[in-house]
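User: I would like to go through this structure with you, point by point. Could we start once it is on the screen?
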Amino acid sequence: MLTVTDTAAIKVKEVLEHPENKGQFVRIYFDGIGWGGPRLGIALDNKSNEDNVINKSDIDFIVDQRSAELLKRYGGAKLDYNEQRYYGSGFSLRLKDVAEC
């Protein structure tokens, strides 16, 4: 359902280690429809009783039911971290069976 690259796992753990992020989870959520289809978002958040927990690379990711269904429908998602000299660095989260535009 979720693939996390080694680089992304290291960066997520660095973010979660900050004192102000103590007790937070990494939320994966449906973020609307783009040119290539459904988009996902990622954010730090508190866990609710309705959330599903996905543990990958010793990190607890949380997803609501709608987002979990989207992940299942599109064959899962891949979280990566890209370091680019000119465009900046950051996370990318893509559904596996959605074309990129």
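User: Is Asn49 buried or exposed?
Analyst: In this predicted model, Asn49 has a relative accessible area of 78%, so it counts as exposed. Asn49 belongs to the loop between strand S3 (37-45) and strand S4 (52-56).
User: What about Thr5, buried or exposed?
Analyst: Thr5 counts as buried because its relative accessibility is 18%, and the cut-off is under 20%. Thr5 sits in the loop between S1 and H1. Leaving out residues up to four places away in sequence, Thr5 touches Lys78, Leu79, Asp80 and Tyr81.
User: Turning to the sheet, what is the strand order?
Analyst: The order is S1-S6-S7, in an open sheet of 3 strands with mixed pairing. S1 and S7 are the edge strands; each has a single partner, so one side of each lacks a neighbour in the sheet. From one strand to the next, the twist averages 20°.
User: How do S6 and S7 pair?
Analyst: They are antiparallel, over 6 bridges. Leu79 has Leu93 in S7 as its bridge partner. H1 packs on the sheet, where H1 touches S1, S6 and S7, and the direction of H1 makes about 75° with that of S6.
User: Last topic, the largest nonpolar core: which residues have the most contacts inside it?
Analyst: Leu2, Leu40 and Phe61 do, in a core of 21 residues. Elements giving two or more residues to this core include helix H1 (6-16) and helix H2 (65-73). Beyond four places in sequence, the contacts of Leu40 include Ile28, Phe30, Leu70 and Leu93.

Methods. Residues numbered from 1 in each chain as written. Predicted model: local features only at pLDDT ≥ 70, side-chain atom pairs only at ≥ 80, totals over all residues. Heavy atoms only, no water. Core = buried A, V, L, I, M, F, W, Y, C linked by side-chain atoms within 4.5 Å. Buried < 20%, exposed > 50% of the residue type's maximum accessible area, 1.4 Å probe, protein only. Helix = DSSP H or I, 4+ residues; strand = E, 2+ residues; numbered from the N terminus. Contact = heavy atoms within 4.5 Å. Pairing = 2+ DSSP bridges. Axes fitted to C-alpha atoms, helices over the stretch in contact; angles between N-to-C directions.
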